[in-house]
Amino acid sequence: MRTRLLGLAVLVTSLLALQPLQAQTPLPVVRAELTSPPLVPPPTGRKAPAKVIVELEVVEKEMSLSEGVSYTFWTFGGTVPGSFIRVRQGDTVEFHLKNHPSSKMPHNIDLHGVTGPGGGAASSFTAPGHESQFTFKALNEGIYVYHCATAPVGMHVANGMYGLILVEPPQGLPKVDHEYYVMQGDFYTAGKYREKGQQPFDMEKAIDERPTYVVFNGAEGSLTGDRALKAKTGETVRMFVGNGGPNLVSSFHVIGAIFDNVRFEGGTLAQKNVQTTLIPAGGAAIVDFKAKVPGSYVLVDHSIFRAFNKGALAILKIDGPEDKSIYSGKELDSVYLGDRAQPNLKAVATATQAAASGKLTLQDQIAAGKELFAGTCSVCHQAGGAGLPGVFPPLAKSDFLGADPKRAVGVVLNGLSGKVTVNGKDYNSVMPPMNQLNDDEVANILTYVLNSWDNAGGSIAADEVKKARASKPAAAAAAH
């Protein structure tokens, strides 16, 4: 009897072993919403993991790098940085990478949020006109950089192939009023800063880590004027800030704001009351703060020459009632923050287009020069050209300019130090050479000055500036 029972138990166990395992409940399928910078997709709002399908296309395209400067960018989704991707921790992500048929190069993608060989690069090498697919599980929460990792890797990244992927924690991030996507990158062109025309990539500059431009969101002025970020007083702002590199570390700072909360290096830990946060190349951070006082807040890389002389400058425009108990007021944006902090530079764009088509007029130059003067020259010479008594000579009704208008070109290019007499008064100060200005900008600023404040009029052509620059290289000068 006992033997029979034992045999029956063995038989039942064997039959159970042959039964198919109960099928697991399939994950719901979600198609990821991707957004172009500076926009961010809405929170996932999901309480459980899902299968998320991400479709991203590589496009090689010519776009503006600065006013009148074009560059052939290699992009994820047609923008620099690439499309913002938002998933939830625990999601299974089915990733489709397409390479547009017009591309000249193969590409792949390395997502720093992926656990696996090359962050997906080993599975996503994609020739032009082809599509690759791989799947990964989003194991760790955080904000992560993604970039191309096809050889030569540095060249692909330097041409704009980077972006951010957010892996939300299961409970989501604390609610805020605005979320923005900002990413810094350094670019290496054969021409110098703001040199007009189509500019090719310069590998030697990139290897030597000598960028021509350092910009936010792929172009100088991409987040200024009509494209400035916006908020209202009392609202909370979150910025997902990345650094595509390929070389430089970013010292991210918002002038006039203090970050209430910073998830540094994109990780879980947070720091509070932060003035400037360090973001390595290939890294990211999440910064949160509350808009308390209205005005134009300037985003910079606080390696400060990058902001004012290479393009790493953006604007957050906060509207709302003033709070004199926090700040008494009087904005000086148009004076010391440079031309790209102006509300807009439409006249500069108009003059650039007119010059390119051979239709530049005197009025085009004056209008462009006025906008550029406000951001470049007015801190010393004042908005009305009056100068500062005993320090900086006046430009208004200037006999110095009237005697020889053309010599002003040399002053701007080469600087001026020592005693100078203007309108019967002596001045002894230092004006450094304005090397950051290109030929068009010098010509337009001086044309505006010559035609303002009761000066005699006239015009300066960009070719005159170019000739003067070539004949006498700018000398080193002391600071103010």
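**Reading the values around Cys 148**

Tutor: Cys 148 is placed in the loop between β8 (142-147) and α2 (153-158). Helices (H or I, at least four residues) and strands (E, at least two) are DSSP runs, numbered from the N terminus. The model is predicted, so local features need pLDDT of at least 70 and side-chain atom pairs count only at pLDDT 80 or more, while totals for chains, interfaces and linings use all residues. Residues are numbered from 1 along each chain as its sequence is written, and side-chain values use heavy atoms, with hydrogens and water left out.

Student: Why is Cys 148 called buried?

Tutor: Buried means under 20% relative accessible area, exposed over 50% and partly exposed in between (1.4 Å probe, protein chains only). Cys 148 has a relative accessible area of 0%, so Cys 148 counts as buried.

Student: Which residues is Cys 148 in contact with, leaving aside neighbours within four places in sequence?

Tutor: Contact means heavy atoms within 4.5 Å. Among the residues in contact with Cys 148 are Phe 76, His 107, His 156 and Met 161.

Student: What joins the side chains of His 107 and Glu 60?

Tutor: A polar contact of 2.8 Å. The term requires a pair of N or O atoms within 3.5 Å; within protein, one must be able to donate a hydrogen and the other to accept it, and residues adjacent in sequence count only if both atoms are side-chain atoms. His 107 itself lies in the loop between β5 (92-99) and β6 (110-111).

Student: Why is the pair of Phe 373 and Trp 453 called tilted?

Tutor: Their ring centres are 5.4 Å apart and the planes stand at 55°, so the pair is tilted.

Student: Why is Trp 453 called buried?

Tutor: Trp 453 has a relative accessible area of 18%, so the residue counts as buried.

Student: Where does pLDDT stay under 50, with zero contacts beyond four places in sequence?

Tutor: Over residues 10-18. pLDDT is the predictor's confidence in each residue, from 0 to 100. Where it is low, the predicted coordinates should not be read in detail.

Terms used. Phe/Tyr/Trp six-rings, centres within 6.5 Å; stacked < 30°, edge-to-face > 60°.
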